[in-house]
Amino acid sequence: MSLLIVGSVAFDGIETPHGKRPRILGGAATYISLAASFFTDTGVVAVVGDDFGADDLAVFARRGVDTAGIERAAGKSFFWAGVYSADMNDRTTLDTQLNVFADFQPKIPSGYEGYTHLFLGNIDPGLQRSVQTQMQKAQVVGGDTMNFWISGQPEELKKTIAGWHMLLINDSEARQLSGEYNLQKAAAKIHAMGPQTLVIKRGEHGATLYRGGKVFAVPGFPLEIVRDPTGAGDCFAGGFMGYLASCGEVSEAALRRAMVYGSVMGSFCVEQFGTERLQSLTRAEVDERYRHFRELMHFD
Ligand code: AMP
């Protein structure tokens, strides 16, 4: 089983109370694929500019991520910059330069039709649909979106997510998409839009799985130091989908384990800036934290 990810590969400028990085490797597909690579064969479809160096590609290669689907275009790579509040619960976007991402037309390289799982990262919903059309054999399709598309292209977005098995979004997006403040009611409305598996991410407060009338919640892992929250939600998605691809089933038990692996990967991501922690992480550390989660969540 294997996972193909489509989304942004970027450079980010990040400032948190713990430091500043003016230009580091980022992008949702970067975080998702690095996190997923701990569990399954992973490939990325994205576009980068001519400023994207061999060192940047090597970060993917060292984790065994297939980068044949990362197209190189003339111009600069997508750039995003943000600054976090003192408690890191709020983030202000300082700059978004789409650059080569503005004309991104995802093309699935030949040989990629065999990927069993597909995750459509946060890009234009029309493009997400065009990728899904090119990946007819994918058995499990999941995706992400954001406020920008929910308010900017609501009809297009609804057409797109109607074809997904899984949707992973944060709580404010779930409220906006459904028009319901109460998350139980929001989940019911989102199920009616198509995705029968819904994960609502709540940052440091964890995440909740809604499926078939059942609810399962995982906490955020209690960390002493959070240096940079960027990419935590994407790493959750990578751990969640990567684990599901590795075990090849979507039973209730597999989904619950996937929720824990998602939280594990999100919690590692925030320990250092950007992808730094994912680059030094080992599978043994992932398994150790999974065991910690079991202790954290066990009672009786
Ligand atoms: P997260 O912290 O999970 O929201 O993800 C942050 C990542 O999303 C950063 O690495 C950014 O490069 C990327 N990003 C920010 N804005 C966008 C956007 N409009 N489209 C795609 N990716 C984005």
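# Close-up views of a predicted model

**View 1. Strands 2 and 3 and the sheet to which they belong.** Strand 2 (residues 10-16) pairs with strand 3 in the antiparallel sense, over 6 bridges, in what is a predicted model. Within this pairing, Ala10 stands opposite Gly26 of strand 3. The open sheet has 4 strands in the order 3-2-6-7, and its pairing is mixed. Strand 3 (19-26) and strand 7 stand at the edges with a single partner strand each, so one side of each is left without a neighbour in the sheet. On average, and with direction ignored, neighbouring strands of this sheet are turned by 15 degrees against each other. Helix 1 (residues 28-36) packs on the sheet, where it touches strand 2 and strand 3, and its direction makes about 75 degrees with that of strand 3.

View 2. Most residues other than glycine have a negative phi. Met88 has a phi near 65 degrees, a positive value in a residue other than glycine, and is found in the loop between strand 6 (78-84) and strand 7 (91-97). Asp300, which is not a glycine either, has a positive phi of about 100 degrees and lies in the segment after helix 11.

**View 3. The packing of helix 9 against helix 11.** Two packed helices are described by the angle between their axes and the distance between the axes. For helix 9 (residues 252-269) and helix 11 (residues 283-297), the angle is about 115 degrees and the axes are 9 Å apart, and the crossing of helix 9 and helix 11 is right-handed. On the helix 9 side the contact is made by Arg257, Val260, Tyr261, Ser263, Val264, Met265, Ser267 and Phe268, which meet Arg283, Glu285, Val286, Asp287, Arg289, Tyr290, Phe293 and Met297 in helix 11. Sorted by class, this contact of helix 9 with helix 11 has 9 nonpolar, 2 polar and 5 charged residues.

View 4. In soluble globular proteins, nonpolar side chains tend to be buried together. The largest nonpolar core has 57 residues, of which Val9, Phe240, Met259, Met265 and Val286 touch the most other members. Helix 9 gives the most to this core, with 10 residues. When residues up to four places away in sequence are not counted, Met265 touches Ala35, Phe38, Phe39, Cys235, Gly239, Leu278, Leu281 and Val286. A second, separate core has 42 residues, and Ile108, Val141, Trp164 and Ile200 are among them.

**View 5. The packing of helix 6 against helix 7.** Helix 6 (residues 171-178) and helix 7 (residues 183-193) pack at an angle of about 60 degrees, and their axes are 9 Å apart. The crossing of helix 6 and helix 7 is left-handed. Asp171, Ala174, Arg175, Leu177 and Ser178 in helix 6 are the residues that meet Leu183, Ala186, Lys189, Ile190 and Met193 in helix 7. By class, the contact of helix 6 with helix 7 is made up of 6 nonpolar, 1 polar and 3 charged residues.

Technical notes. Residues are numbered from 1 along each chain as its sequence is written. This is a predicted model: local features need pLDDT of at least 70, side-chain atom pairs count only at pLDDT 80 or more; totals for chains, interfaces and linings use all residues. Side-chain values use heavy atoms; hydrogens and water are left out. Axes are lines fitted to C-alpha atoms, for helices over the stretch in contact, and angles run from 0 to 180 degrees between N-to-C directions. Helices (H or I, at least four residues) and strands (E, at least two) are DSSP runs, numbered from the N terminus. A crossing is left-handed if the near helix is turned anticlockwise from the far one by less than a right angle, and right-handed if clockwise. Contact means heavy atoms within 4.5 Å. Ala, Val, Leu, Ile, Met, Phe, Trp, Tyr, Cys and Pro count as nonpolar, Asp, Glu, Lys and Arg as charged, and the others, Gly among them, as polar. A nonpolar core is a set of buried Ala, Val, Leu, Ile, Met, Phe, Trp, Tyr and Cys residues joined through side-chain atoms within 4.5 Å. Buried means under 20% relative accessible area, exposed over 50%, partly exposed in between (1.4 Å probe, protein chains only). Two strands pair if DSSP finds at least two bridges between them.
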